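Hi,

Here is the structure I promised to pass on to you. Please open it alongside this email, and my notes will follow just below.

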Amino acid sequence: MDCPLVSIIIPFRNEEKYLPECLDSILGQTLTNWELILINDHSDDQSTKILDEFVQYDRRGRVLQNPGRGLVSALNHGINNSQAGMIARMDGDDIMKPKRLEIQVGHLQKNKNIDLISCQTQHFPRSLKRQRKGYERYVDWTNNILTFEDHLLNRFIDCPMAHPSVTFRKSIIQKFGGYKEGEFPEDFELWLRWMSQGIKMEKLPFILHKWRDHPERASRTDSRYQSARFQEIKAKYIKLWLEKEAHVNKRRIICWGAGKVARKFTRLLIENKIKLSAFIDLDPKKVGRLVADIPVLSIDNLPTPEECFVFILVGTWGARGQISAYLKENGFIQGKDFLPLF
């Protein structure tokens with residue numbers, strides 16, 4: 001087989017229920033010059049049988065055994081054994097739209113300054129929607145983060161793209177390293193690390209990937225995807241970002257919000273040796289108090305953009321947009337004078 005344009009990497013463990021539909025979506029791709037690398041992470045169901053039959057049918061597929069344990073080991077093993085210059089992530093329980101590879105690979109071929117391309121995703125199945133409002137909101141949020149600038153400005157809020165929806169240049173891993181083991185979400189850590197190194201990533205403004213939700217998915221069962229783990233890795237990269245941003249370091253850092261979410265995250269910022277000057281809060285009961293020996297001020301005491309940089313730490317749904325709008329009306333520029341962290 002000629003060298004493929006793109007290597008599709010699928011780690012799997014006990015995906016017998018979903019693999020046939022996933023594989024059908026790959027076979028239906030309009031771009032056909034791909035290889036499929038499937039890494040078995042110690043499955044004990046019929047997944048291996050399904051895939052052995054598949055690779056007999058289509059020689060573009062290979063099944064590898066994970067030499068370690070877990071997703072990170074499987075991902076790195078698959079990428080290390082790939083032949084193409086582009087890597088398309090995929091999960092064994094998801095579905096690709098027919099033109100996903102054609103459009104994503106074509107975008108990277110045409111835009112040499114972009115190293116990673118994602119797409120909007122469709123959260124399914126519909127029958128679970130009422131039980132999954134949080135995930136629906138998250139998917140809606142990611143689907144509105146499109147440009148490179150969008151990703152930079154929103155990177156600390158949450159993971160800005162669905163991991164199995166991305167295609168990226170293999171050279172990034174060769175230059176900046178691949179997935180890391182640790183008690184943190186491996187994709188969020190990777191995107192933050194790559195963005196901290198100047199890697200440009202975008203999201204295409206149409207749905208090319210169907211992202212399946214079910215009770216057994218790792219993001220619902222693995223401790224690495226708990227909210228606390230996201231906040232810990234976020235605080236680490238905020239510290240790294242601040243060290244590079246001279247225009248921020250010359251000003252006082254003020255946190256908007258002194259509620260439970262803000263107080264919890266503030267402890268992580270302080271642990272990372274980030275010096276905070278004050279909190280802003282609208283609740284008159286909180287104004288005048290100290291949080292971690294830091295004063296809580298009223299909105300009337302918010303300094304000018306020349307004097308301070310604001311981190312938005314309010315976790316209430318919809319509050320981020322309201323606070324951002326207020327700051328912009330008062331001369332603050334997102335990225336230059338303030339950033340939302342929730």
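This is a predicted model: local features need pLDDT of at least 70, side-chain atom pairs count only at pLDDT 80 or more; totals for chains, interfaces and linings use all residues.

Helix 1 covers residues 19-27 and helix 2 covers residues 47-57; their axes come within 11 Å and cross at roughly 20 degrees. An angle under 35 degrees counts as roughly parallel, so helix 1 and helix 2 are roughly parallel to each other. Their crossing is right-handed. On the helix 1 side, the contact is made by Leu19, Pro20, Leu23 and Leu27, and helix 2 contributes Ser47, Ile50, Leu51, Phe54 and Tyr57. Sorted by class, that contact has eight nonpolar residues, one polar residue and no charged ones.

**Ser165**

You will find Ser165 in the loop between helix 6 (148-154) and strand 7 (167-169). Ser165 has a relative accessible area of 0%, so it is buried. Its side chain makes a polar contact with the side chain of Ser118, at 2.8 Å. Beyond its neighbours within four places in sequence, Ser165 is in contact with several residues, including Arg89, Arg100, Gln104 and His209.

**Gln120**

Gln120 sits in strand 6 (residues 116-124). Buried means under 20% relative accessible area, so Gln120, at 15%, counts as buried. The Gln120 side chain reaches the backbone oxygen of Asn143 at 2.8 Å. Not counting residues up to four places away in sequence, Gln120 touches Asn143 and Leu146, and also Lys203, Leu204, Pro205, Phe206, Ile207, Leu208 and His209.

Happy browsing, and do write back with any questions!

Best wishes

Notes: Residues are numbered from 1 along each chain as its sequence is written. Side-chain values use heavy atoms; hydrogens and water are left out. Axes are lines fitted to C-alpha atoms, for helices over the stretch in contact, and angles run from 0 to 180 degrees between N-to-C directions. Helices (H or I, at least four residues) and strands (E, at least two) are DSSP runs, numbered from the N terminus. Angles under 35 degrees count as roughly parallel, over 145 as roughly antiparallel, 65 to 115 as roughly perpendicular and the rest as oblique. A crossing is left-handed if the near helix is turned anticlockwise from the far one by less than a right angle, and right-handed if clockwise. Contact means heavy atoms within 4.5 Å. Ala, Val, Leu, Ile, Met, Phe, Trp, Tyr, Cys and Pro count as nonpolar, Asp, Glu, Lys and Arg as charged, and the others, Gly among them, as polar. Buried means under 20% relative accessible area, exposed over 50%, partly exposed in between (1.4 Å probe, protein chains only). A polar contact is a pair of N or O atoms within 3.5 Å; within protein, one must be able to donate a hydrogen and the other to accept it, and residues adjacent in sequence count only if both atoms are side-chain atoms.
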